[in-house]
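Open your viewer and get ready to click along with this tour. At each stop you will read what to select and then what is there.

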Amino acid sequence: MKALSQKRRHPLAAIALLLMGLLITGGLYAVATTMNTAKASTTTASASDVEEGGKLFAANCATCHGMGASGSKDAPSLVGVGAAAVDFQVGTGRMPMQMNGPQAMKKPVQFNEQQTSQLAAYVASLGAGPAIPADDLTNGGGDAAAGGELFRTNCAMCHNAAAAGGALTQGKFAPALADVTGKHIYEAMVTGPQNMPVFNDANITPEGKKDIITFLKQIESSGSPGGADLGSLGPVAEGLFVWVAGLGVIIAFTIWLTSRTS
Amino acid sequence: MGNHSDGSPNHSGTVATAGQNEVEKFQDPGIPPHRLRLADTDPRAAKRAERQVALLFGISVVGTLIFLVAYFAIDLGNDSSIATIRLQNALLGIGTAFAMLGIGTGIVHWAKALMPDHEVSEERHAIRIEEDRQAAVRIVDDILDETGIKRRPLIRNTLLGAVALAPLPALAIFGDLGPRPDDKLAHTMWAPHDGKLKRLTRDPDGTPIKASDVTIGSAFHVIPEGLNELTEGKLNEKAKAVVLLMRLDPASLNPSKGREEWGYNGIVAYSKICTHVGCPVALYEQQTHHLLCPCHQSTFDLTQECKVIFGPASRPLPQLPIAVDDEGYLVATSDFHEPVGPSYWERDEHERNINS
């Protein structure tokens, strides 16, 4: 310290100080902006991740999506879909697709978490797209009532008011949302997988998405206050129950009423 | 079949007539021999049935007690949870069910097992006797005679007047069902107000939407600017004005002549009210560009100006012409060019008025 205090009057001290200040502000700024834009692409994608992801992609995905993910007649280009799309599609087992059908189905995942994040890093490196959301947006803790309102306006027509899912055209369907992780729900909203429309941050704010996830987790955990919900499918399930069980009981009683006692 | 005034049953089929010809008189088989029940012969069985009935009544008592306990003992204070409400609901339901069912099944079992079960036959009495007919005519004549309505025309005429006027209040009451909606169904909040174009805003919070916010594949649920500020008739206005805003590749849109300017860079807005019976059509498939109505599966193709490609709807969804204002926000350049929603009697006339 003594050497430092002796040199502080050196003619070059001011320049050295200025350089130091610039470096610190610049460095802090760089860290802060990367934190903001790619709010933790979880395991901050390193060059090796991208490289590993590229190998995995070439081995598992390129058959349909083409080398360099430029797309083919069988599958879309993945340039610019972002890490969130990969994390959703691969993380829920929808990709790699097993066979062609009305839509890719959820199934046991084929890649572990590390491989998924490597694939995501590789696809994200091809072009800017939605990043994997930060944990604080997907863990609930938002306003469930506001989320419910957003859900009923934007989601309930396909996914059912109780998030039990529903049918679309020609074999396609909107899946039930129980047991889907908050992260995957968030990613589905920002990327619009398959026939689901995109709900970008300008449409539903990240805070609104957090509220929707909170709402979904809330109705999932609180159950149905009115007793058995019969799958929350509405009049079809309820009508079937009444026809089979209700009428069955009535018929049983009429038979008993008119039968002769021994 | 001739005159039935003699009270003969009204045969209408040839089968019955043929039967009458073949068989002179139908032989009454009489009541089958009475069969005794177990409880009639065996006192132990009777005792057992008695205990069963008492048990059923006892179940009813228990059910009522369960109801009372659930109602009074379960506290639904401010700190109670949904689980408490669910428990109380279940117990109230179970209690009532057993209370009612116990009494009902008990009485039926009692009647079936223990009460006398002798078959009884009752002869049907003659349907119409000339004497009764005469008596009825006499009663009517007496009434007319005693009221003296024939002798007192003043009373008769004032009564007629009173009866004739009495339905008039009903007219006034039915009048209150109006006023006629006139062409309210043909106009929505999207019409420019004082020359100012209405902005497209998000449902439910009413914030305006920039064209740049709507990325390809997006679907926005839209209400007109100012809807949330309405104090009266807000839901009625919303029911007519709701719009779905979507963006697709401009190359896949095929606007017809005169409608080229109704979209903006592939952003199009269509009424959300189904033209079949008015359900909200909001199931948008962003890859096939189909809009599906959840009620009756009417399917509309966005790339063909929402033409109906499946289902019972008979008209395409009305398109809302949109543009971008100076600040980059989406605005409706006019109201819909046809009435939204399902058909109604004066719809064609209203559509002609809008476009003239």
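Start in chain B by selecting strand 3 and strand 4: these two strands run antiparallel and are joined by 5 bridges. To see one of the pairings, pick B:Leu244 and look across to strand 4, where its bridge partner is B:Tyr270. Keep in mind as you go that this is a predicted model.

**The sheet around them**

Now widen the selection to the sheet of chain B. In what order do its strands lie? The sheet is open, has 7 strands with antiparallel pairing, and reads 9-4-3-2-1-11-10. Strand 9 (319-320) and strand 10 (322-324) of chain B stand at the edges with a single partner strand each, so one side of each has no neighbour in the sheet.

Next, select strand 1 of chain B. Is this strand buried or exposed? Of its 5 residues, 5 are buried, so strand 1 of chain B is largely enclosed by the rest of the structure. Strand 1 of chain B pairs with strand 2 of chain B in the antiparallel sense over 3 bridges, and you can find B:Arg202 opposite B:Val222 of strand 2. Strand 1 of chain B is also joined to strand 11 (residues 330-332) of chain B, by 2 bridges, and these two run antiparallel. Here B:Lys198 stands opposite B:Ala332 of strand 11.

Select B:Asp203 and B:Pro204, which are joined by a cis peptide bond with an omega of about 5 degrees. B:Pro204 sits in the loop between strand 1 (198-202) and strand 2 (219-224) of chain B.

Staying in chain B, go to B:Asn265, in the loop between strand 3 (243-247) and strand 4 (267-271). B:Asn265 is not a glycine, yet its phi is positive, at about 50 degrees. With 11 other C-beta atoms within 10 Å, B:Asn265 is exposed.

Move over to chain A and select A:Met95 and A:Pro96. What kind of peptide bond joins them? The bond is cis, with an omega of about -5 degrees. Look for A:Pro96 in the loop between helix 5 (82-91) and helix 6 (113-126) of chain A.

Then select A:Gln170, in the loop between strand 1 (166-167) and strand 2 (173-174) of chain A. A:Gln170 has a positive phi of about 50 degrees although it is not a glycine. A:Gln170 is partly exposed, with 13 other C-beta atoms within 10 Å.

**A pair of helices**

Return to chain B and select helix 3 (residues 43-73) together with helix 4; their axes come within 7 Å and cross at roughly 160 degrees. Angles over 145 degrees count as roughly antiparallel, and helix 3 and helix 4 of chain B are therefore roughly antiparallel to each other. Helix 3 of chain B passes helix 4 of chain B in a left-handed crossing. The residues of this contact divide into 19 nonpolar, 11 polar and no charged.

**Where the chains touch**

For the last stop, show both chains. How many residues of chain B are in contact with chain A? There are 31, and they are in contact with 23 residues of chain A. On the chain B side, the elements giving two or more residues are helix 4 (82-113), strand 2, strand 5 (283-285) and strand 6 (290-292). Helix 4 of chain B gives the largest share, 8 residues.

Key:
Residues are numbered from 1 along each chain as its sequence is written. Chains are lettered from A and ligands numbered from 1 in the order in which they are written. This is a predicted model: local features need pLDDT of at least 70, side-chain atom pairs count only at pLDDT 80 or more; totals for chains, interfaces and linings use all residues. Helices (H or I, at least four residues) and strands (E, at least two) are DSSP runs, numbered from the N terminus. A residue is buried if 20 or more other C-beta atoms lie within 10 Å of its own, exposed if 12 or fewer, and partly exposed in between; C-beta atoms are placed from the backbone. Two residues are in contact if their C-beta atoms, placed from the backbone, lie within 7 Å. Axes are lines fitted to C-alpha atoms, for helices over the stretch in contact, and angles run from 0 to 180 degrees between N-to-C directions. Angles under 35 degrees count as roughly parallel, over 145 as roughly antiparallel, 65 to 115 as roughly perpendicular and the rest as oblique. A crossing is left-handed if the near helix is turned anticlockwise from the far one by less than a right angle, and right-handed if clockwise. Ala, Val, Leu, Ile, Met, Phe, Trp, Tyr, Cys and Pro count as nonpolar, Asp, Glu, Lys and Arg as charged, and the others, Gly among them, as polar. Two strands pair if DSSP finds at least two bridges between them.
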